Amino acid sequence: MVFHADVRRCIEVTFDGGSVISDGGLLLVRQADLHLGLLERVARHLPDLRNPLLVKALS
């Protein structure tokens, strides 16, 4: 796709990013958390105010 801003400039845009992922940083955070267990420790100190009858746990 080509955009012509003016006579002197031409901007070309392509959408072939290849294997680009947007959550790459989260993979590192997940691995660190699995090793350190930070979220588990934080979760123990946060109250869960949801109705337990309406909560479906993921396994």
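Visitor: Which residue forms a salt bridge with Asp48?

Guide: A salt bridge is a side-chain nitrogen of Lys or Arg within 4 Å of a carboxyl oxygen of Asp or Glu. Here Asp48 pairs with Arg50, and their closest N and O atoms are 2.8 Å apart. A search of the whole structure finds one salt bridge.

Visitor: What kind of model is this?

Guide: This is a predicted model: local features need pLDDT of at least 70, side-chain atom pairs count only at pLDDT 80 or more, and totals for chains, interfaces and linings use all residues. Residues are numbered from 1 along each chain as its sequence is written, and side-chain values use heavy atoms, with hydrogens and water left out.

Visitor: How should I read pLDDT, and what is the average for the protein chain?

Guide: pLDDT is the predictor's confidence in each residue, from 0 to 100. The protein chain averages 79, and 80% of the residues score at least 70. Where pLDDT is low, the predicted coordinates should not be read in detail.

Visitor: Which pattern do the elements follow along the sequence?

Guide: Helices (H or I, at least four residues) and strands (E, at least two) are DSSP runs, numbered from the N terminus. The protein chain has two helices and two strands, in the order β-β-α-α.

Visitor: How far apart are the end C-alpha atoms of α1?

Guide: The expected span of a helix is 1.5 Å times one less than its number of residues. With 13 residues, α1 should span 18 Å; its end C-alpha atoms are 19 Å apart, which agrees. Just after α1, Gly37 takes a positive phi of about 70 degrees.

Visitor: Is Arg50 buried or exposed?

Guide: Buried means under 20% relative accessible area, exposed over 50%, partly exposed in between (1.4 Å probe, protein chains only). Arg50 counts as exposed because its relative accessibility is 52%. Buried residues make up 2% of the 59 residues in the protein chain.

Visitor: What surrounds Asp33 in contact, leaving aside its neighbours within four places in sequence?

Guide: Contact means heavy atoms within 4.5 Å. Asp33 touches Leu38 and Leu39 in this sense. A polar atom of the Asp33 side chain lies 2.8 Å from the backbone nitrogen of Leu39.

How values were computed:
A polar contact is a pair of N or O atoms within 3.5 Å; within protein, one must be able to donate a hydrogen and the other to accept it, and residues adjacent in sequence count only if both atoms are side-chain atoms.
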